[in-house]
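I opened this entry to keep track of what I looked up, one topic at a time. The notes follow the order in which I checked things.

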Amino acid sequence: MEPQQRSPLLEVKGNIELKRALAKAPSQLPLPGSRLKRGPDQMEEDLEPEKKRTRGLGTKVATSRPRATALTTVPQTQGQTAVPKVPRKTGPRCSTAVATVLKNQKPGPAVPAQKPGTTAAPPVVGRKKPSKRPAWDLKGQLCDLNAELKCCRERTQLLDQENQQLRNQLREAQQQATELGAERRTLEEELARMRAQAEQGQRELGNLSARVLELEERLGTQEGLVQELQKEQLELQEERRGLAARLEEQEGRLQASEAALSGSQAEVASLRQEAAAQAALLAKREERLHGLEMERRRLHNQLQELKGNVRVFCRVRPVLPGESTPPSGFLLFPSGPSGPSDPPTRLSLSRSDERRGTLSGAPAAPTRHDFSFDRVFPPGSGQDEVFEEISMLVQSALDGYPVCIFAYGQTGSGKTFTMEGGPGGDPQVEGLIPRALRHLFSVAQELSGQGWTYSFVASYVEIYNETVRDLLATGTRKGHGGECEIRRAGPGSEELTVTNARYVPVSCEREVEALLHLARQNRAVARTAQNERSSRSHSVFQLQISGEHAGRGLQCAAPLSLVDLAGSERLDPGLALGPGERERLRETQAINSSLSTLGLVIMALSNKESHVPYRNSKLTYLLQNSLGGSAKMLMFVNISPLEENVSESLNSLRFASKVNQCVIGTAQANRK
């Protein structure tokens, strides 16, 4: 009868128990393991001292040898022959001997199969004991040991083969377990998928049930809606009959409206003809208005020419707090031909010379100097009164005429106050520059209704020691005036520009105030004998005005130059100069040189000389286009009311009188 088929896992388990039983068997070798590892020669050397010791005594000493225990057998599994237990020994030689013994051993009687998990006591196999060799027969003992060692190696080899079979069975069992695990996971995934499909089916069933309920509700709603629509249809039919009646009524009214429309169309045609006539009249009036504007500009220019293309105004500043009041009669302002109502145009200044005297020893009478100008402003004149006199001249710049206004006089005579105004932003003390730009913006806004559009570009520079500096410079360029040079705008162009200077478009008063504030911070000033804070340079504010009439194709462009000249003081040759005074001396020399050049240029223009020395000074070269025959020029001569400044005041008045006598020709507008 064939044995019952067992699973690979049970076979592996039985093999593992067999291996553990073999490993626990005690060693049956006659010698310790350290001697088995040695060769026959080494063993013979180890026994040589004992042999000599026995011969010396003349007695035979019997050596003890361990008895070999009987081999045990293991139960047979699945028809295999039981493997006897062998002593536990490590090393390849022991394994080979054991394998040889197992190979030569005959199979014993069959043992009944045991249940899994139980181990039967292996029967003891008897072995014939070898005959005992005498102690001196070492060679025989060594042969026995070698034979037993060989048996152990054979048994070890047999155990290795059995171990390899067990490992193969274990590998197959593990592979089968892996396959079973993979199959189990596949079945679990299939089960999860089926459960998900079942849940999805349940959800779909629930959704369908809800959808059915919803559709049933909608069906009820639609049925109610159908009933309402049927009612509404009946109402609409009634309404349609009413609308049909109204339509007939409206058609009757439409016919009446068409008749009225025909009359209105005739009236519209009449109004269109009247509008065309009005447009033609408007065009004629616009043409006439343009002609009147051109005539106004011509008459305005003619009026300015009658007043003189070179005009000189004299302004006397008031006495400041802390200054001594001048004596009575020091400054007189005689009335005009028509009496006190006429604006004053003459100035009389008295000067007493202590070096002069009469024969009787009494002081000589003061010398009176009389001057006549286009207008004289006494100390009580305000800024608004001064600007009212020049407002028409400023407006000429909008008409395309170059205009130049500059203030001349000694330090502390009120030049900067006249041009820029006082500190604090008080509108009553605003200077000519902010008032002139406000006036230009206002007039340009009025002319925009006539088709004119204007643009304004401002620049502000100073000329210090014949060096041009940009007063509007900011950041790292601030104070680097040497980089600015006066150049032509282009080849063949008469327009002059300052390289590396800022040209800022302006369109309102606030932008102009910001530029003036920045320029005051950057201007070169110093303390002098006449003024605590004196301007030591010529400041030139230029506004380039460009106008265009797109409808008529007219263009005009002109600069407005507002100049605050540096103080005109004479040098004292006997003054001892220190390091600071030498710097003031160089500044004064440069100022007086440029002012002298300005006088020479004006005289050359008046005398119609072929050569005008514009290039002798940076000031006159920059103002070249504002001083020539096509320009209108106005000079303010500012004088001090103090008697101690009478010498400088006389010099300024005499220079202004020479300029007032000059006549430069008829100005020409820059139009295209």
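**Entry 1: Lys415 and its surroundings**

I began with the contacts of Lys415. Leaving out residues up to four places away in sequence, I found that Lys415 touches Ala407, Tyr408, Gly409, Gln410, Asp564, Leu565, Ala566, Gly567 and Asn638. I note here that the model is predicted.

Where does Lys415 lie? I found Lys415 in helix 7. Is Lys415 buried or exposed? Its relative accessible area is 7%, and buried means under 20%, so Lys415 is buried.

A polar atom of the Lys415 side chain lies 3.4 Å from the backbone oxygen of Gly409.

I also checked the record. An unreviewed UniProt entry has an annotation "binding site" that includes Gly409, Gln410 and Lys415.

Gln410 I placed in the loop that runs between strand 8 (403–409) and helix 7 (415–420). Gln410 has 1% relative accessibility, so I wrote it down as buried.

**Entry 2: Helix 9**

I wanted to compare the length of helix 9 with what its residue count predicts. Helix 9 covers residues 509–522, which is 14 residues, and at 1.5 Å a residue it should span 20 Å. The C-alpha atoms at its ends are 20 Å apart, so the two values agree.

Which residues of helix 9 are buried? I listed Val512, Leu515, Leu516, Leu518, Ala519 and Asn522. Down the helix axis, these buried residues fall within an arc of 165°, so they line one face of helix 9. I recalled the general rule: an α-helix has 3.6 residues a turn, so residues three or four places apart point the same way.

What covers this buried set? I noted that the cover includes helix 8 (432–447), strand 9 (452–464) and strand 13 (504–506).

**Entry 3: Aromatic pairs**

I counted ring pairs with centres within 6.5 Å. The count comes to eight aromatic pairs. I wrote up two of them.

For Phe313 and Phe377, the ring centres are 5.8 Å apart and the planes are at 70°, so I put the pair down as edge-to-face. Phe313 is in strand 3 (residues 310–316) and Phe377 is in strand 7 (residues 375–377). The two are 64 residues apart, and the pair links distant parts of the chain.

**Entry 4: Asp470**

I placed Asp470 in strand 10 (residues 467–470). Its relative accessibility is 7%, so Asp470 counts as buried. What does its side chain reach? I found the backbone nitrogen of Arg502 at 3.0 Å from the side chain of Asp470.

**Entry 5: The whole chain**

I finished with totals. The protein chain has 13 helices and 18 strands. Of its 672 residues, 35% count as buried. Among contacts with a separation of 6 or more, 73% are between residues 24 or more positions apart.

Terms used:
Residues are numbered from 1 along each chain as its sequence is written. This is a predicted model: local features need pLDDT of at least 70, side-chain atom pairs count only at pLDDT 80 or more; totals for chains, interfaces and linings use all residues. Side-chain values use heavy atoms; hydrogens and water are left out. UniProt positions are given in the numbering used here, feature names are shortened, and annotations may be inferred rather than shown by experiment. Helices (H or I, at least four residues) and strands (E, at least two) are DSSP runs, numbered from the N terminus. Buried means under 20% relative accessible area, exposed over 50%, partly exposed in between (1.4 Å probe, protein chains only). Contact means heavy atoms within 4.5 Å. A polar contact is a pair of N or O atoms within 3.5 Å; within protein, one must be able to donate a hydrogen and the other to accept it, and residues adjacent in sequence count only if both atoms are side-chain atoms. The expected span of a helix is 1.5 Å times one less than its number of residues. The arc is that of the directions from the helix axis to the C-beta atoms. Rings of Phe, Tyr and Trp (its six-membered ring) pair if their centres lie within 6.5 Å; planes under 30 degrees apart count as stacked, over 60 as edge-to-face and the rest as tilted.
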